Amino acid sequence: MFKTVGEIKLITYADRDILVPHPLQGRSASAVNVNAIKKSLIELGNFTIGNPIKVIYVDGKYLIIDGQHRTQGLVELGYDIPVQVLPDDTNVSKLMIALNSYNQPWKIPYYAKHFASMGVKIYRDFLDHMQKYEVTAGVMIAIYNKSSQRSQPLVQEYKEGKLRIVDDKHVEFTLLRLDSLRNLGKNPPLENNTRKKQQFQQAMLQAFENPEFNFEKFKKGLNKTKHDLNKLAKQKDLLKEIYKIESKGK
């Protein structure tokens with residue numbers, strides 16, 4: 001005996017407004033991806049009949065778990081939208097991460113947005129820190145774990161909703177030190193794009209981890225000596241330049 005899982009429906013174009021992104025979605029639709037899907041729909045026909053949008057039904061709305069780009073492409077072309085209505089007891093969070101990660105891997109910040117939408121405070125704080133201090137998600141994971149780099153196990157814990165802070169004072173102190181580099185440097189000034197670059201931030205974390213590194217000397221050196229930080233791309237080269245600048249900060 002076979003069991004039916006989910007129900008297939010066809011939402012008409014006229015009723016398109018009852019289809020909305022699920023609030024746990026970690027990302028918004030990309031215009032580039034929507035245009036690519038529209039091109040395929042025009043050339044191949046409505047292939048989404050065989051790959052319906054996955055939704056759950058809540059309070060008169062169909063909440064999209066998987067298929068934001070397909071939905072937008074269909075709507076912009078004036079097509080009806082085939083949906084698969086999943087059971088009410090579906091674990092939306094796990095399914096959404098699995099489906100989106102399989103089709104097009106989520107970038108690291110998307111997981112924070114996802115868990116923050118679920119009301120997980122540490123992920124809301126994580127996003128606030130990223131925005132306020134202009135630190136990349138990967139670097140923030142390292143800082144939260146009192147590490148100089150984002151190892152795969154730490155990233156995996158973060159993706160599973162298990163983010164933690166090892167040392168609150170370390171997080172605050174590290175972020176303040178990175179933030180103090182704004183508008184520093186004279187020959188040339190440290191560019192914002194350089195300061196916000198993941199490779200530069202990770203190189204700074206490596207330097208902070210070195211007990212012989214003097215951050216105040218580095219800042220003095222940055223303000224009085226010529227440097228190549230804005231030209232370098234690799235983390236190891238940036239770290240070498242950081243130490244060179246520190247040595248000039250007497």
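These legends describe several close-up views of a predicted model.

Local features are reported where pLDDT is at least 70 and side-chain atom pairs where it is 80 or more, whereas totals for chains, interfaces and linings use all residues. Residues are numbered from 1 along each chain as its sequence is written, and side-chain values use heavy atoms, with hydrogens and water left out.

View 1. Helix α7 covers residues 152-159, and its buried residues are L154, V155 and Y158; helices here are DSSP runs of H or I with at least four residues, strands are runs of E with at least two, and both are numbered from the N terminus. Buried means under 20% relative accessible area, exposed means over 50%, and partly exposed lies in between, with a 1.4 Å probe and protein chains only. Seen down the axis of α7, the buried residues fall within an arc of 100°, so they line one face of the helix; the arc is that of the directions from the helix axis to the C-beta atoms. An α-helix has 3.6 residues a turn, so residues three or four places apart point the same way. The face of α7 turned away from the buried side carries the exposed residues Q152 and P153. The buried residues pack against α4 (108-117), α5 (121-133) and α6 (137-144), where contact means heavy atoms within 4.5 Å. After α7 comes G161, whose phi is positive, near 80°.

View 2. L154 is found in helix α7 and is buried, with a relative accessible area of 14%. Leaving aside neighbours within four places in sequence, L154 is in contact with I141, N145, S147, Q149 and R164. N145 has its place in the loop between α6 and α7 and is buried at a relative accessible area of 10%. With neighbours within four places again left aside, the contacts of N145 are L154, R164 and V166.

**View 3. The packing of α4 on α5.** The axes of α4 and α5 come within 8 Å and cross at roughly 135°; axes are lines fitted to C-alpha atoms, for helices over the stretch in contact, and angles run from 0 to 180 degrees between N-to-C directions. The two helices, α4 and α5, are therefore oblique to each other, given that angles under 35 degrees count as roughly parallel, over 145 as roughly antiparallel, 65 to 115 as roughly perpendicular and the rest as oblique. On the α4 side, P109, Y111, A112, K113, F115 and A116 meet Y123, R124, F126, L127 and M130 of α5.

View 4. Helix α8 (residues 168-179) packs with α5 at an angle of about 20°, with the axes 10 Å apart, and that makes α5 roughly parallel to α8. In this pairing H129, K132 and Y133 of α5 meet V171, L175, L176 and D179 of α8. The axes of α6 and α8 come within 9 Å and cross at roughly 140°, and α6 and α8 are therefore oblique to each other. The contact is made by M140, I143 and Y144 of α6 and H170, V171, T174, L175 and L178 of α8.

**View 5. The nonpolar cores.** The largest nonpolar core has 54 residues, of which F126, Y158, L181, M204, F218, L229 and I242 touch the most other members; such a core is a set of buried Ala, Val, Leu, Ile, Met, Phe, Trp, Tyr and Cys residues joined through side-chain atoms within 4.5 Å. The largest share of this core, 7 residues, comes from α6. A second, separate core of 13 residues includes I11, L41, V75 and I81.

View 6. The peptide bond from N187 to P188 is cis, with omega near 0°, and P188 lies in the loop between α8 and α9 (192-195). N183, found in the loop between α8 and α9, has a positive phi near 60° although it is a residue other than glycine, and N183 is exposed, with a relative accessible area of 71%. T225, in the loop between α11 (215-224) and α12 (235-247), counts as buried at 16% relative accessibility. Leaving aside neighbours within four places in sequence, T225 is in contact with N187, I245 and K248.
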